[in-house]
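Me: I would like to go through a protein structure with you, step by step. Could you show it to me before I start asking?

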Amino acid sequence: MCLAYTAILDSVLYYGGTKMIEVTRLNETKLVINSDQIEFVEETPDTVISFLSGKKIIVKESRQEIQNLVILYKKKILSDCLTFHKRSDES
């Protein structure tokens, strides 16, 4: 794991101290959720996100869109970490 991982997350990628992605409730309100707390996502046919706490929310995004948001978020973490690490090596 990159040594700069914690510093990058603290300053760039954390929203209110937690890892977040934005989703939309059925009533069009935006909601920011902690992607690390998602237990599973199902389509019933509405998309239901179940959290480790047992709480569930229904969102407009499809299961695949939620999966893509989480993947993009994690790719950004890795990319920023590698970029920061590369810059540190150059100095």
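Me: Which residues make up the largest nonpolar core?

Reply: Please keep in mind that this is a predicted model. The largest nonpolar core has 12 residues. They are Ile 21, Val 23, Ile 33, Ile 38, Ile 49, Phe 51, Ile 57, Val 59, Ile 66, Val 70, Tyr 73 and Ile 77.

Me: Which element gives the most to this core?

Reply: Helix 2 does, with four residues. At least two residues each come from strand 2, strand 5, strand 6 and helix 2.

Me: And what does Ile 66 touch?

Reply: Leaving aside residues up to four places away in sequence, Ile 66 touches Val 23, Ile 38, Val 41, Thr 47, Ile 49, Val 59 and Glu 61.

Me: Let us step back. How many helices and strands does the protein chain have?

Reply: The chain has two helices and six strands. Along the sequence, their pattern reads α-β-β-β-β-β-β-α.

Me: What share of the residues is buried?

Reply: Of the 91 residues in the protein chain, 31% are buried. The chain exposes about 6,200 Å², and carbon and sulfur atoms supply 55% of that area.

Me: What is the strand order in the open sheet of three strands?

Reply: The order is 4-5-6, and the pairing is antiparallel. Strand 4 and strand 6 stand at the edges with a single partner strand each, so one side of each has no neighbour in the sheet. From one strand to the next, the twist averages 20°.

Me: How many bridges join strand 5 to strand 6?

Reply: Four bridges join these antiparallel strands. As for individual residues, Ser 50 stands opposite Lys 56 in strand 6.

Me: New topic: how many salt bridges are there?

Reply: The count comes to two salt bridges. In one of them, Lys 60 pairs with Glu 28, and their closest N and O atoms are 2.3 Å apart. Lys 60 is in the loop between strand 6 and helix 2, while Glu 28 is in the loop between strand 2 and strand 3, so the pair links distant parts of the chain, 32 residues apart.

Me: Why can such side chains pair at all?

Reply: Side chains of opposite charge can pair when their charged atoms come close.

Me: Is Lys 60 buried, exposed or partly exposed?

Reply: Lys 60 counts as partly exposed, because its relative accessibility is 44%. Glu 28 counts as partly exposed too, at 49% relative accessibility.

Me: Which side chains meet in the salt bridge at 3.2 Å?

Reply: Those are the side chains of Lys 74 and Asp 36, with 3.2 Å from N to O. Lys 74 lies in helix 2 and Asp 36 in the loop between strand 3 and strand 4, so the pair ties together parts that are 38 residues apart in sequence. Lys 74 is partly exposed at 42% relative accessibility, and Asp 36 is partly exposed with a relative accessible area of 30%.

Me: Back to Glu 28. What is its phi?

Reply: Glu 28 has a positive phi of about 75°, although it is not a glycine.

Me: One more item on the backbone: where is the cis peptide bond?

Reply: The cis peptide bond joins Thr 44 and Pro 45, with omega at about 5°. Pro 45 lies in the loop between strand 4 and strand 5.

Note on methods:
Residues numbered from 1 in each chain as written. Predicted model: local features only at pLDDT ≥ 70, side-chain atom pairs only at ≥ 80, totals over all residues. Heavy atoms only, no water. Salt bridge = Lys/Arg side-chain N within 4 Å of Asp/Glu carboxyl O. Buried < 20%, exposed > 50% of the residue type's maximum accessible area, 1.4 Å probe, protein only. Pairing = 2+ DSSP bridges. Axes fitted to C-alpha atoms, helices over the stretch in contact; angles between N-to-C directions. Areas by Shrake-Rupley, 256 points an atom, 1.4 Å probe, with all protein chains shown as cover. Core = buried A, V, L, I, M, F, W, Y, C linked by side-chain atoms within 4.5 Å. Contact = heavy atoms within 4.5 Å.
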